[in-house]
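The following note sets out numbered points for a colleague who has the sequence and the coordinates at hand.

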Amino acid sequence: MASYSTNEFKSGLKIMLDGDPHAIVENEFVKPGKGQAFSRTRVRNLKTGRVVEKTFKSGESVEAADVMDTSMQYLYTDGEFWHFMDPTTFEQLAAGKEAVGDAHFWLKEQDDCEVTLWNGEPLIVTPPNFVEMKITETDPGLRGDTATGGTKPAHMETGAVVKVPLFIEEGEVIKIDTRSGEYVSRVK
Amino acid sequence: MNWRPAANQDHLLARATLLRAVREYFDGTQALEVVTPTLSAAATTDPAIESFVTHCSDRNNSCRYLQTSPEFPMKRLLCAGSGDIYQICTVFRQGESGRHHNPEFQLLEWYRLEFDHHRLMDEVAELVSTVLQAFEMSAPVEFSRISYRNAIKQVTGFELEQLDYQQIEHILARHTVDCPLSANDPLDHWFDLLMSTVVAPSFAHNHFTFIYDYPASQAALARLRTEGESTVAERFELYYGELELANGFHELNDAAEQADRFRHEQQLRIERGHAKVPFDQNLIAALQAGLPDCAGVALGLDRLLMLATGTDNIYQLISFPDDRA
């Protein structure tokens with residue numbers, strides 16, 4: 001089984017801890033004077049998203065997690081699963097609620113997403129950083145008001161609610177930053 | 001390719017300024033600048049330090065070790081009558097990499113005849129204060145001293161003798177430090193973890209703290225002193241906040257004891273599965289000839305530069321750190 005020594009630790013590295021795959025968020029090498037060295041890490045449980053502190057003896061080996069990020073095209077949802085396709089092999093995978101999480105607000109058919117696989121099963125779905133979506137419902141726009149900086153809620157086709165400037169109209173397509181859930185610009 | 005330096009021009013200048021200030025200081029205090037070999041047939045036996053090793057194809061593949069400290073050859077110079085000496089050199093340690101570590105780094109090491117560790121602490125403070133005048137530090141340069149015993153007591157409320165691994169585990173848990181050690185690990189490793197994660201972080205920020213008189217089991221190359229029932233090692237460390245800067249000894253000059261310590265450490269290396277390395281027989285021979293009473297200290301110049309420039313990552317001060325060397 002593949003393993004990593006603490007000397008190879010760096011942020012992003014995927015390791016197994018207590019039976020769950022974790023990603024290293026931060027690694028700090030500490031060594032007092034002439035003594036034993038330690039790696040103090042913060043690791044994120046990839047199943048639960050929880051971040052915990054974990055200390056290792058320097059030189060200790062930790063099992064590698066068979067975790068792989070792949071780029072896949074989002075196809076559709078049947079209400080229970082979200083279906084993705086590998087664009088090169090055309091192989092399809094279904095991801096459940098746990099893996100998709102809040103990403104479902106930003107999944108648009110045919111968009112390329114990052115699907116993190118653990119032992120070949122979808123673990124996390126990450127939407128593209130920016131998506132373009134159509135507004136299905138919002139208050140009528142205030143024409144010409146491009147300067148006051150006020151916002152109003154707008155409902156997207158996926159159910160997401162985004163704060164948009166007052167001049168945006170229902171039916172318009174807007175660009176959203178999925179990492180913050182914020183409106184970026186109008187798409188013409 | 002990442003061919004560009006990690007250190008910006010200001011940081012390259014800062015290092016040059018630091019080196020100049022250090023040399024000026026020693027010029028003014030009559031210490032001789034020396035150069036000793038980087039490659040040695042012997043290695044450090046310290047079980048917590050791993051030497052880089054290289055094989056010489058022109059000499060039957062015999063080994064040469066890159067120095068992890070210039071301590072042994074500098075002591076041989078002292079034994080040969082060099083008088084006070086200092087050296088600025090690059091040292092190499094495997095597996096040490098992080099915000100405060102690069103596998104190769106610049107060390108300032110110096111020795112003063114007839115000094116004990118307290119007098120050398122005075123001088124370390126003087127050197128650091130003098131050198132830092134070349135930089136614009138926002139915080140005043142202040143030093144305090146506390147013994148290892150009292151530093152531990154101040155934070156934990158316990159005397160050293162009262163602390164076993166279970167007590168330490170309890171203290172670590174109270175400070176929410178996750179503990180990778182078990183009952184089988186040496187007690188000193190528990191103390192090391194306690195020092196790094198609880199005691200050192202409690203030192204006053206933007207302030208220099210000397211820790212002195214270490215437990216005899218952490219003597220390294222320091223001489224021991226027995227007072228009543230307790231024996232301490234005449235060793236000190238300098239911290240800035242929780243950043244460790246320097247390690248010094250009132251130097252052990254007993255050849256037989258030094259050889260015993262080397263052999264003991266070799267044994268520990270075998271038990272812990274580390275590479276077996278030859279110890280420096282030349283140092284033992286030199287000590288037999290006689291090391292004058294002296295104290296010596298090694299100070300990490302990259303770390304000193306970190307605080308002089310207010311930089312929190314050592315890589316930003318090194319032209320080409322390990323990830324682009």
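1. K57(A) and D185(B) form a salt bridge through their side chains, with an N to O distance of 2.8 Å. The model under discussion is predicted. Across the interface of chain A and chain B, three salt bridges are found, and six residue pairs are in polar contact, both residues of each pair having pLDDT 80 or more.

2. On the side of chain A that touches chain B, the strands β3, β4 and β5 of chain A each contribute at least two residues. The largest share, five residues, is supplied by β5(A). By residue class, this side of chain A comprises five nonpolar, five polar and eight charged residues.

3. The contact involves 18 residues of chain A and 28 residues of chain B. About 1,900 Å² is buried between the two chains, and carbon and sulfur atoms account for 53% of that area. Within chain A, the residues losing the most area to chain B are F29(A), K31(A) and K34(A), which together make up 34% of what that side buries.

4. Over all chains, the structure contains 28 salt bridges. One of them pairs the side chains of D20(A) and K47(A) at 3.6 Å, N to O. The two residues come from distant parts of the chain, 27 residues apart: D20(A) belongs to strand β3 (residues 20-30) of chain A, whereas K47(A) sits in the loop between β4 (38-45) and β5 (51-57). D20(A) counts as buried because its relative accessibility is 18%, under the 20% limit. K47(A), at 39%, counts as partly exposed.

5. In chain B, the side chains of R269(B) and E50(B) meet in a salt bridge of 2.7 Å, N to O. R269(B) is in helix α7 (residues 255-271) and E50(B) in the loop between β2 (39-40) and β3 (53-56), so this pair ties together parts of chain B that are 219 residues apart in sequence. R269(B) is buried at 2% relative accessibility, while E50(B) is partly exposed at 22%.

6. A further salt bridge joins the side chains of D84(B) and R112(B), at 3.0 Å, N to O. D84(B) lies in the loop between α2 (71-79) and β5 (85-92) of chain B and R112(B) in strand β6 (residues 104-113), so the pair connects parts 28 residues apart in sequence. D84(B) is partly exposed, with 22% relative accessibility, and R112(B) is buried, with 3%. Elsewhere, R149(B), K153(B), E159(B) and E161(B) are joined into one network by salt bridges that share partners.

7. Which residues touch the most other members of the largest nonpolar core? In this core of 47 residues, they are Y148(B), I152(B), L172(B), F191(B), L194(B), M195(B) and I211(B). Several elements of chain B each supply at least two residues of the core, among them α4 (148-156), α5 (165-174), β8 (208-215) and β10 (230-240). The largest share, seven residues, comes from α6(B). In soluble globular proteins, nonpolar side chains tend to be buried together.

8. Neighbours within four places in sequence aside, M195(B) is in contact with P32(A) as well as with Y148(B), A200(B), P201(B), F203(B), I211(B), Y214(B) and Y239(B). A second, separate core of 45 residues includes L19(B), V131(B), L305(B) and L317(B).

Note on methods
Residues are numbered from 1 along each chain as its sequence is written. Chains are lettered from A and ligands numbered from 1 in the order in which they are written. This is a predicted model: local features need pLDDT of at least 70, side-chain atom pairs count only at pLDDT 80 or more; totals for chains, interfaces and linings use all residues. Side-chain values use heavy atoms; hydrogens and water are left out. A salt bridge is a side-chain nitrogen of Lys or Arg within 4 Å of a carboxyl oxygen of Asp or Glu. Helices (H or I, at least four residues) and strands (E, at least two) are DSSP runs, numbered from the N terminus. Buried means under 20% relative accessible area, exposed over 50%, partly exposed in between (1.4 Å probe, protein chains only). Contact means heavy atoms within 4.5 Å. Buried area is the accessible area (1.4 Å probe) that two parts lose on being put together, summed over both. A polar contact is a pair of N or O atoms within 3.5 Å; within protein, one must be able to donate a hydrogen and the other to accept it, and residues adjacent in sequence count only if both atoms are side-chain atoms. Ala, Val, Leu, Ile, Met, Phe, Trp, Tyr, Cys and Pro count as nonpolar, Asp, Glu, Lys and Arg as charged, and the others, Gly among them, as polar. A nonpolar core is a set of buried Ala, Val, Leu, Ile, Met, Phe, Trp, Tyr and Cys residues joined through side-chain atoms within 4.5 Å.
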